[in-house]
Amino acid sequence: MARGLPVIIPGLSRILENRQGGARRRRRAGFALGLAAAAALALVVRFSCEPELRDGSPRRFVSPDCLYHVRRADFAVAHFPRIPLFDPLIDFPRGAVGIWPPLFDVALALPAWLLHGASASKEEVAAGAAVVPPILGALAVLAGGLFAESARRGAGIPVAVFLALCGAHVQYSQYGHTDQHVAESLTSLVALALFLRARDRPGARRELAAGAALGIAALTWQGAICWAALFALVLAIDAARRPEGEIFRAAVFVFGAAAAVAAAGVAIWSRGDPLPFTFISFGSFQPVFLLAMAAGVVGIDAAIALGRRRWRPAAGRGAVIAAFGVLLGARVPELARNVAGGIGYVTKTSRGAAAAGGLTSFPREMLRQIYEVRPLFADGWRLAFDTLSAAFFLVPVAIAVWIVRAVRGPRRSGHVALAAWGALTLWLALSQRLNIYYAAPLAALAGWEIARQLSVRLARKLGKGSAVRWRAAVALLLLLTALPGLRRQLATRYAPGDDLIRTMEWSRVHLAHPVSAYDPRFLPPARPVPALA
């Protein structure tokens, strides 16, 4: 018997390993199928408003911003992937730089460009652009599930199903809503998921991937650099309790990759045309801000090395900070003013400023007149409940749980990131109701966190049923509170106002058009258009 043990034990070990591997594969396959089902549900819901939007090209779209994005998509189809940046028809006759980065407009152009080529008609471009938001919405549901699973094991599929049915997310990703908000949601969730994975299992490849995703997010929406501030905060907190060199590498790779992607986008699409240095619009502000985040984290890491009397690492980090200083140059005071302006934009306290390319800071008087930038609870609690469900009101409790776990629990880096993300997203949503699409995954994950906490206590106290069943029951109850709001969301008809449509029709007939709105001379590098003088 003793002689047989060396043979039997390795054999048993291999059998157990095979069983465990098979169980892991089954779990992964089940998770993939669950996410795919949630994405399919998301597509069905987001296309459900299609019939009422088939009243002609202008009415296919939800807002004036949607129409302008489709105009830029027309350029991208005809001159792929170029779009106008300085537009002489904005604030005519002075002209101004359109604030949006180019990546979303190129995505709107892809269906028509792939199916019909550069000669696609405007109707073909419009038809293709209208289907892009639901597709991006379904991809955002997948990304939300992956992010949630990275944050809390078991949360991926419930969060994905919630996002598929959440009115706040449906509104900004429905058929014909060709504004960039759904792309913001998608790219931010991808960047957050990759960053969480990089903090759980640090490594150069994961950090570069997270940085590249952050750079792509900045090329989709300039305000995505707010996630860079979040990443910098997490890395700064981690600096005191992570192995030497890890945070330095993470800061350089994450923010270096993000700045490189953003700077490459500015160079490719601007073709040397000057762009305003401002938080408002696409331009060099984003890569400079990303480099500043890297410099800040490396500076904190250097200070910790000095405190530990690690002179050589401190000197190396000091040299890197000096290199960042050379790259940033005289932009630092301007960068600080723009960061303050960005905070003022969210809180509606900023003062208006202008330059050759248009506004560089929004006046608070203008912001207060825009419905979408009003505080979420300015008209009561109903909007938040309808669009985000009862789960949104549990977000502060979930953030408190994550803070406690960040202080004394396992996976401290992950919980620091969750708590910081939750606090930042909650502030954005409360400050401006437009940001409810950012709050949708937060409400979903908060609801799942509360369901986890309650399920354990209910199972212990009542002794009836397992914690898993209680968790499913609480999560289902929270999901049901989202359905009445979803029903109202799908019954709401969104379209540009009749006054806008009539003005456009009148302008087409009665105003002189010496230059086409799609004149290729509007593309960078900018050329004078004498007929507009």
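Predicted model: local features only at pLDDT ≥ 70, side-chain atom pairs only at ≥ 80, totals over all residues.
How many nonpolar, polar and charged residues does the lining of the largest cavity have? By class, that lining has 5 nonpolar, 1 polar and 7 charged residues.

**Confidence**

The protein has a mean pLDDT of 87, and 93% of its residues reach 70 or more. Among its elements, helix 1 has the lowest mean pLDDT, at 76, whereas helix 3 (residues 103-116) has the highest, at 97.

**Cavities and a pocket**

A search of the whole structure finds 4 cavities of 30 Å³ or more. The largest cavity holds about 90 Å³ of space and is lined by 13 residues, with Glu244, Gly245, Asp301, Ile304 and Arg308 lying nearest its centre. Both helix 10 (246-270) and helix 11 (285-307) supply at least two residues of this lining, and helix 11 gives the most, with 3 residues.

The second largest cavity, with a volume of about 60 Å³, has a lining of another kind of make-up, namely 10 nonpolar, no polar and no charged residues. The residues in question are Phe147, Leu192, Phe195, Leu196, Leu230, Phe231, Val234, Ala417, Leu418 and Trp421. Helix 7, helix 9 (226-238) and helix 17 (412-431) each supply at least two residues of this lining.

Turning to the open spaces, the second largest pocket contains about 740 Å³ of space. It is lined by 20 residues, and those closest to its centre are Glu149, Ser150, Arg153, Gly154 and Arg197. Two or more lining residues come from each of helix 1 (5-47), helix 4 (122-151), helix 5 (156-165) and helix 7 (181-200). By class, the lining of this pocket divides into 5 nonpolar, 3 polar and 12 charged residues. Helix 1, one of the elements that contribute to this lining, is also the element with the lowest mean pLDDT.

Helix 11, which lines part of the largest cavity, has 23 residues and reaches 33 Å from its first C-alpha to its last, close to the 33 Å expected at 1.5 Å a residue. Because 17 of those 23 residues are buried, helix 11 is largely enclosed by the rest of the structure. The residue that follows helix 11 is Arg309, whose phi is positive, near 60 degrees.

Helix 18 (residues 436-462) has 27 residues, which at 1.5 Å a residue should span 39 Å, and its end C-alpha atoms are 36 Å apart, in agreement with that expectation. Helix 18 is likewise mostly covered, with 19 of its 27 residues buried.

**A strand hairpin**

Strand 3 (residues 353-355) and strand 4 (residues 358-361) run antiparallel and are joined by 3 bridges. The two strands form a hairpin with 2 residues between them, and Ala355 stands opposite Gly358 in strand 4.

**Backbone features**

Most residues other than glycine have a negative phi, and most peptide bonds are trans.

| Feature | Value |
|---|---|
| Phe80 to Pro81, cis peptide bond | omega near -5 degrees |
| Pro524 to Pro525, cis peptide bond | omega near -5 degrees |
| Asp91, positive phi | about 50 degrees |
| Arg271, positive phi | about 50 degrees |

Of the cis bonds, the one from Phe80 ends at Pro81, whose place is in the loop between helix 2 (64-78) and strand 1 (86-87). The other ends at Pro525, which is found in the segment after helix 21 (498-510).

Asp91, which is not a glycine although its phi is positive, has its place in the loop between strand 1 and strand 2 (96-97). Is Asp91 buried, exposed or partly exposed? Its relative accessibility is 41%, so Asp91 counts as partly exposed, given that this class lies between the 20% limit for buried and the 50% limit for exposed.

Arg271, also not a glycine and also with a positive phi, is found in the loop between helix 10 and helix 11. With a relative accessibility of 45%, Arg271 therefore counts as partly exposed.

Conventions
Residues numbered from 1 in each chain as written. Heavy atoms only, no water. 1 Å grid on protein atoms, 1.4 Å probe; cavity = no way out; pocket = protein on both sides within 12 Å on 5 of 7 lines; lining within 4 Å. Points joined across faces, edges and corners; volume = space filled by probe spheres on them. Helix = DSSP H or I, 4+ residues; strand = E, 2+ residues; numbered from the N terminus. Nonpolar A, V, L, I, M, F, W, Y, C, P; charged D, E, K, R; others polar. Pairing = 2+ DSSP bridges. pLDDT = per-residue confidence, 0-100. Expected span 1.5 Å × (residues − 1). Buried < 20%, exposed > 50% of the residue type's maximum accessible area, 1.4 Å probe, protein only.
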